[in-house]
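Q: I would like to learn how to read side-chain features in a model. Can we go through them one at a time?

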Amino acid sequence: MSIEKFKDKNYVPDTSTSDELNKAHKDGKSLVGLHLAKADLRDSYLVDADMSGCDLTKTNLSESSMYGINLSGSDLFKADLEGANLKNANLEGCNLLGANLTDAKLEGVNWGKDYKVINEIEADELASKGD
């Protein structure tokens with residue numbers, strides 16, 4: 001099984017996406033920079049995975065176990081993270097606009113500079129310029 005297809009920005013998730021991603025993680029394959037927008041990945045086991053720079057726009061990651069995951073620089077726009085375990089995750093530089101974090105476990109999360117997500121940093125920069 002190859003996860004190369006997940007690196008294609010035009011990849012369209014299907015019913016096997018979750019199983020393939022979980023197997024790739026279990027097998028120690030790199031998950032950096034994948035395009036998984038709108039994938040149904042609920043209940044995934046991604047503990048200590050490096051998924052930095054991924055497109056997870058509108059992805060369902062609810063109830064997933066993601067303790068210690070590196071999601072730095074990932075796009076989580078409108079992602080569903082309800083009930084996910086994100087303890088000790090790296091969310092530095094993520095786009096979390098509209099993300100559902102209801103009941104997510106967030107202890108020890110690295111939020112990045114001044115504990116702000118990318119949207120807040122951009123807003124601060126615009127405000128400092130008078131925009």
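A: Start with one cysteine. This is a predicted model. Cys-94 has 0% relative accessibility, so Cys-94 counts as buried.

Q: Which cysteine sulfur is closest to the sulfur of Cys-94?
A: A disulfide is a covalent bond between the sulfur atoms of two cysteines. Here the closest cysteine sulfur to that of Cys-94 belongs to Cys-54, 9.8 Å away, which is too far for a bond. The cut-off for a disulfide is 2.5 Å.

Q: How is a pair of aromatic rings described?
A: By the distance of the centres and the angle of the planes. Searching the whole structure gives one aromatic pair. The ring centres of Phe-6 and Tyr-11 are 5.0 Å apart and the planes stand at 75 degrees, so this pair is edge-to-face. The angle cut-off for that class is over 60 degrees.

Q: Are Phe-6 and Tyr-11 buried or exposed?
A: Phe-6 and Tyr-11 are both buried.

Q: How many residues are in the largest nonpolar core?
A: In soluble globular proteins, nonpolar side chains tend to be buried together. The largest nonpolar core in this model has 31 residues. Those with the most contacts inside this core include Leu-31, Leu-36, Met-51 and Ile-69.

Q: What does Ile-69 touch?
A: Leave out residues up to four places away in sequence. Ile-69 then touches Leu-46, Asp-48, Ala-49, Met-51, Leu-86, Ala-89 and Asn-90. Among these, Leu-46, Met-51 and Leu-86 are also listed with the most contacts inside the core.

How values were computed: Residues are numbered from 1 along each chain as its sequence is written. This is a predicted model: local features need pLDDT of at least 70, side-chain atom pairs count only at pLDDT 80 or more; totals for chains, interfaces and linings use all residues. Side-chain values use heavy atoms; hydrogens and water are left out. Rings of Phe, Tyr and Trp (its six-membered ring) pair if their centres lie within 6.5 Å; planes under 30 degrees apart count as stacked, over 60 as edge-to-face and the rest as tilted. Buried means under 20% relative accessible area, exposed over 50%, partly exposed in between (1.4 Å probe, protein chains only). A nonpolar core is a set of buried Ala, Val, Leu, Ile, Met, Phe, Trp, Tyr and Cys residues joined through side-chain atoms within 4.5 Å. Contact means heavy atoms within 4.5 Å.
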